[in-house]
Amino acid sequence: MAKTLRLDKILSHMGYGSRKEITRLCKAGIITVDGKVVKSSSQHIDPVASIIKVGEEEVNYREFVYILMNKPAGVISATEDSRHQTVVDLLDVEYRSFDVFPVGRLDIDTEGFLLLTNDGQLAHRLLAPKKHVPKTYYAHVEGNVTEEDVIAFKGGVTLDDGYQTKPGELTILKSDAISEIELTIYEGKFHQVKRMFEAVGKKVIYLKRIAMGSLKLDEDLELGEYREMTPEELEELTKLDS
Ligand code: URA
């Protein structure tokens, strides 16, 4: 059955103003639904099936938004903070009314792939520990990363608090005074990548998440830039959740 919502609720959700302001727009005859002026903001509309226009502008209704961000260092993965800029502060005003939040956390100094959404159920399922959604990181590590580390990570390492990690897949891209690696892990303990390297006596000096499952960081996004996910990406995201 089609889901109908009050017109003022739809339009305020989409960032067209408070309910009061929308009532005013309706009274002014600016809002049309399927080509007809609607003067009452309390009218129930199916926002998916109807064409709603505010003036000449068609309203692109959606209940949920899914945003991919290339998180820069220096901002925190939260919705608000008294001291630092947050990833939500980086979003345009058009996304503010959606009340999006980051799905999981990247440290303040970590860059890369961050998903933001207002779809609480999906976020909850993606973060559920038993889902084991793979996350891949690219890192610079002080000192030579070796095959021994690859083997250690494959068996799981013991973190500083005694936690034994699940196996991680470590790929050495360059072993040098500053090594370059990729690491895929299937869980998300606090500072996990940094602490896994600490467990083998090494220090991560640069960290960037490059993928979540088959979803990759869009390299066209500069640090701090973001875009809505494509329908194909959304499909991949739902697969991660299944
Ligand atoms: N592991 C870390 O150590 N930091 C992050 O931000 C993500 C994974």
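Which residues does phenylalanine 197 touch, not counting residues up to four places away in sequence? In this predicted model, phenylalanine 197 touches Val141, Val145, Phe153, Leu170, Ile181, Leu183, Lys202 and Val204. From there, this briefing goes on to the domains, the ligand and a handful of individual residues.

**Domains and cores**

- The chain is divided into three stretches: domain 1 covers 5-58, domain 2 covers 66-129 + 215-241, and domain 3 covers 134-212.
- Taken over C-alpha atoms, the centres of domain 1 and domain 2 are separated by 29 Å.
- The largest nonpolar core has 46 residues, and those that touch the most other members are Leu7, Ile52, Leu183 and Phe197.
- There is also a second, separate core of 15 residues, with Val103, Phe113, Leu126 and Leu217 among them.

**Around the ligand**

- If you look at the ligand, you will find it surrounded by Leu106, Asp107, Thr110, Tyr137, His191, Gln192, Val193, Lys194 and Leu207.
- In the side chain of threonine 110, an N or O atom is 2.8 Å from an oxygen atom of the ligand.
- Histidine 191 has a polar backbone atom 3.2 Å from an oxygen atom of the ligand.
- Valine 193 has a polar backbone atom 3.1 Å from a nitrogen atom of the ligand.
- On its own the ligand has 240 Å² of accessible area, and the protein covers 96% of that.

- As background, most residues other than glycine have a negative phi.
- Histidine 132 is not a glycine, yet its phi is positive, at about 50°.
- To find histidine 132, look in the loop between α4 (120-127) and β10 (135-142).
- Histidine 132 counts as partly exposed because its relative accessibility is 35%.
- Histidine 191, one of the residues surrounding the ligand, also has a positive phi, near 50°.
- The loop that holds histidine 191 lies between β12 (178-185) and α6 (192-199).
- With 30% relative accessibility, histidine 191 counts as partly exposed.

- Aspartate 109 sits in the loop between β8 (101-102) and β9 (111-117).
- Its relative accessible area is 44%, so aspartate 109 is partly exposed.
- Leaving aside neighbours within four places in sequence, aspartate 109 is in contact with Ala73, Lys194 and Leu207.
- With lysine 194, aspartate 109 forms a side-chain polar contact of 2.8 Å.
- Leucine 207 is 98 residues from aspartate 109 along the chain, and their C-alpha atoms are separated by 7.6 Å.
- Both Lys194 and Leu207 also belong to the residues that surround the ligand.

**Two glutamates to compare**

- Glutamate 233 has its place in helix α7, which spans residues 231-240.
- Is glutamate 233 buried or exposed? Its relative accessible area is 15%, so glutamate 233 is buried, the cut-off for that being under 20%.
- Beyond its neighbours within four places in sequence, glutamate 233 is in contact with Leu68, Leu215 and Arg227.
- The side chains of glutamate 233 and arginine 227 are joined by a polar contact of 2.8 Å.
- Glutamate 57 lies in strand β6, made of residues 57-58.
- Glutamate 57 is partly exposed because its relative accessible area is 47%.
- Not counting residues up to four places away in sequence, glutamate 57 touches Tyr16 and Ile52.
- Between the C-alpha atoms of glutamate 57 and lysine 216, which are 159 residues apart along the chain, the separation is 33 Å.

**Valine 200**

- Valine 200 is in the loop between α6 and β13 (203-212).
- Apart from residues up to four places away in sequence, valine 200 touches Asp149, Ala152, Phe153 and Val157.
- Along the chain, valine 200 and threonine 158 are 42 residues apart, while their C-alpha atoms are separated by 9.1 Å.

Definitions and conventions:
Residues are numbered from 1 along each chain as its sequence is written. This is a predicted model: local features need pLDDT of at least 70, side-chain atom pairs count only at pLDDT 80 or more; totals for chains, interfaces and linings use all residues. Side-chain values use heavy atoms; hydrogens and water are left out. Helices (H or I, at least four residues) and strands (E, at least two) are DSSP runs, numbered from the N terminus. Buried means under 20% relative accessible area, exposed over 50%, partly exposed in between (1.4 Å probe, protein chains only). Domain bounds come from an automatic or database domain assignment. A nonpolar core is a set of buried Ala, Val, Leu, Ile, Met, Phe, Trp, Tyr and Cys residues joined through side-chain atoms within 4.5 Å. Contact means heavy atoms within 4.5 Å. A polar contact is a pair of N or O atoms within 3.5 Å; within protein, one must be able to donate a hydrogen and the other to accept it, and residues adjacent in sequence count only if both atoms are side-chain atoms. A residue is near a molecule or strand if one of its heavy atoms lies within 4 Å of it. Accessible areas come from the Shrake-Rupley method with a 1.4 Å probe; for residues, only the protein chains shown count as cover.
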